[in-house]
Amino acid sequence: MKKKVDDIMDNKIVNNIKSLGIDMINKAGSGHPGIVLSAASIIYTLYAKHMNVNIDDPLWENRDRFVLSAGHGSALLYATLYMAGFLSLDDLKQFRHIDSKTPGHPEYGVTNGVDMSTGPLGQGIASAVGMAIAGKKLNKTYKSLKEQSLFDYNVYVLCGDGDLMEGISYEATSLAGSLKLNNLIVLYDSNDISLDGKTKGVFDDNIIDRFKALNWNTILVKDNTVSNIDKAIKKAKKSDRPTLIQIKTILGDGSINENTNKVHGSPLDKDDIAKLKLKLKINPEEFYVDLSMKEHFSKQISERSLKKYNLFKQLSKDLNYNKEEHKIDLSDLNFDSNLKESLRVTNGKIMKEIEKQLPNFIGGSADLASSTKTIINNNINFGVREHAMGAILNGLALSNFYAFGSTFLVFSDYLKPSMRLSCLMNLPVTYIFTHDSINIGQDGPTHQPIEQLISLRSIPNMFVFRPADAKEIVGSWEYIINNKKPSCLVLSRNEVSLNKLTNAKSVMYGGYIVRKENNLYATIISTGSEVELSIKIADYLYENYKLDIRVVSMPSRELFLSQSKEYQESIIPKGYRNIVIEAGSKYGWEGFVYSDKYLITLDRFGCSGTSDEVLNEMDFSYDKILQKIIKLLK
């Protein structure tokens, strides 16, 4: 009898969630009703029966994580969060409006209960792998004397067909299977419909077999009921591997246009809504809420979660756990004045020092650690998976880690969607890119970066550092870690000398003088290994032509442009000719010079040959740049 009563209450709450989601979309005039109607039973079951969260402490470190990888289903998530107590009814009424807590797609830091920003399909499920890796790391690190772990949270994902079509999801789930991340459970809303129509003939994968091949536990739920979903999740939690639960659903279930793409991304009309609410036995009043059902739902969550929350607080005291912000100080690092080595090698040594000071420093490489020199003790081998690596780093950063990943600069394009989300969420993720110039030579144009630097600099909130030597690498890291900014560290493969005039502390200003002059004639602005080249050219011009040239190192253009106008003009005075030397695209440098002829950059693809041959062919050798500057200054 009790089970029957519980089933009735479950269905009433599910229907109320559906009704609220539809009303939100209708009031906003846009949204995705299909997933609201197909997946309400899935999200309700998860929150009511399994999720451990605390409304009063939404960022509780041992909470279960939920990632709505199908981010277009935000109305469904917000309606659920309202019923759970995270949001108000007014928040739902402001769906998709400016400054609301209910934006069009879920945004981390905007809405309590939202664990990451989602929308670009595949990103959510891939970042959830990072959250699961973080959970395993924390579980192993923080254990009591009785071997009871402080951290034992699960990561749940709701995804759809679109998420699993995107290649990034395959990369990430492949790694998750290899790592046996049994704290990861993916709920797959499987309805065979995408925005353009049926998936047949476009996406005919046998998903169960595919995930079995990836070393996942798999469960098929043919009948989309709370009871069946609950049983599947309980079973998944006992597995020694990550679990995919494929739940067969009907897109837009109950709508006039159910099971068609018409109900995917457009609001229902008034007649459809009226008929739907009648079927659901819901009061037709807009934004109607059965407060007794809301109370019942939130009570289920709080009663279960509170026990786990209180245990966490007690264990935290026993283990002296706290999540204080860590700072690093690398000022004690000393370098031999005769140091001359590849900046990637120097960086690898510096990272080992950072790890000593920063216990939550973690990351790895996309199968290039031997080339990027980024191996630390807390290392992750991502395999050849740049796309997934970026998203996994976001998941780690969302779990209170300082995360880094490395590959060649030319392959940064593979990570761009994840990097954009790092910046959107303002996460402390560092992307380390080596082999930063055409001077890598014989690998040819496929591996020689040209447009990548400007592409990275164009991302809002991203800080790109291209240090000139070991001291500037130190300064870059101190800024990156101590300011918790999404950043790129771009490093040379070629050997670079330590410069007497560089300064780690000056990196925080983005640009500063590395060759001073007595009687200013012109200024050369450069980055990375081109700084050494610029100083050499400036010295030659003074010795042979008595032209006194200032050289400015600009390890971070973003930081420099954020300084006061007074500081900028003290470094690059007005009224003098400026020359920019950088082994990359000219775009973005135009504001530093009077005309493009003063931009000594690279704006065509490279070629295969030795380093010297390529530099000469591309008019970027020392001799050719020197002659070009002499002509400019005569």
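A residue is called buried when its relative accessible area is under 20%. Cys159 has a relative accessibility of 1%, so Cys159 counts as buried. Please keep in mind that this is a predicted model.

Cys423 is buried as well, at 5%. Now, a disulfide is a covalent bond between the sulfur atoms of two cysteines. How far is the sulfur of Cys423 from the closest cysteine sulfur? The distance is 7.4 Å, to Cys488, and that is too far for a bond, because the cut-off is 2.5 Å. The count of disulfides comes to zero.

Next, the sheet. Six strands form an open sheet with parallel pairing, in the order S10-S9-S11-S12-S14-S13. Strands S10 (379-381) and S13 (463-465) are at the edges; each has a single partner strand, so one side of each has no neighbour in the sheet. From one strand to the next, the twist averages 20°. Inside the sheet, S11 (residues 402-408) and S12 (residues 429-434) run parallel and are joined by six bridges. In one of these, Ala403 has Val429 in S12 as its partner.

Two helices lie across strands of this sheet. Helix H15, residues 416-425, lies across S12 and S14 and runs at about 145° to S12. Helix H17, residues 470-483, lies across S9, S11, S12, S13 and S14, at about 160° to S13.

Helix H18 covers residues 530-545. Its 16 residues reach 21 Å from the first C-alpha to the last, close to the expected 22 Å. Its buried residues include Val531, Ile535 and Ala538. An α-helix has 3.6 residues a turn, so residues three or four places apart point the same way. Among the elements covering the buried residues of H18 are strand S16 (512-515) and helix H22 (622-633). After H18 comes Lys546, with a positive phi near 55°.

Last, the rings. There are 22 aromatic pairs. In one of them, Tyr47 and Phe66 have ring centres 5.7 Å apart and planes at 75°, so this pair is edge-to-face. Tyr47 is in helix H2 and Phe66 in strand S1, so the pair ties together parts 19 residues apart in sequence. Both are buried, Tyr47 at 1% and Phe66 at 3%. Tyr431 and Phe433 make a stacked pair, with 6.3 Å between centres and 10° between planes. Tyr431 is buried at 0%, and Phe433 is buried at 0% too.

That is what I have.

Conventions
Residues are numbered from 1 along each chain as its sequence is written. This is a predicted model: local features need pLDDT of at least 70, side-chain atom pairs count only at pLDDT 80 or more; totals for chains, interfaces and linings use all residues. Side-chain values use heavy atoms; hydrogens and water are left out. Buried means under 20% relative accessible area, exposed over 50%, partly exposed in between (1.4 Å probe, protein chains only). Helices (H or I, at least four residues) and strands (E, at least two) are DSSP runs, numbered from the N terminus. The expected span of a helix is 1.5 Å times one less than its number of residues. Contact means heavy atoms within 4.5 Å. Two strands pair if DSSP finds at least two bridges between them. Axes are lines fitted to C-alpha atoms, for helices over the stretch in contact, and angles run from 0 to 180 degrees between N-to-C directions. Rings of Phe, Tyr and Trp (its six-membered ring) pair if their centres lie within 6.5 Å; planes under 30 degrees apart count as stacked, over 60 as edge-to-face and the rest as tilted.
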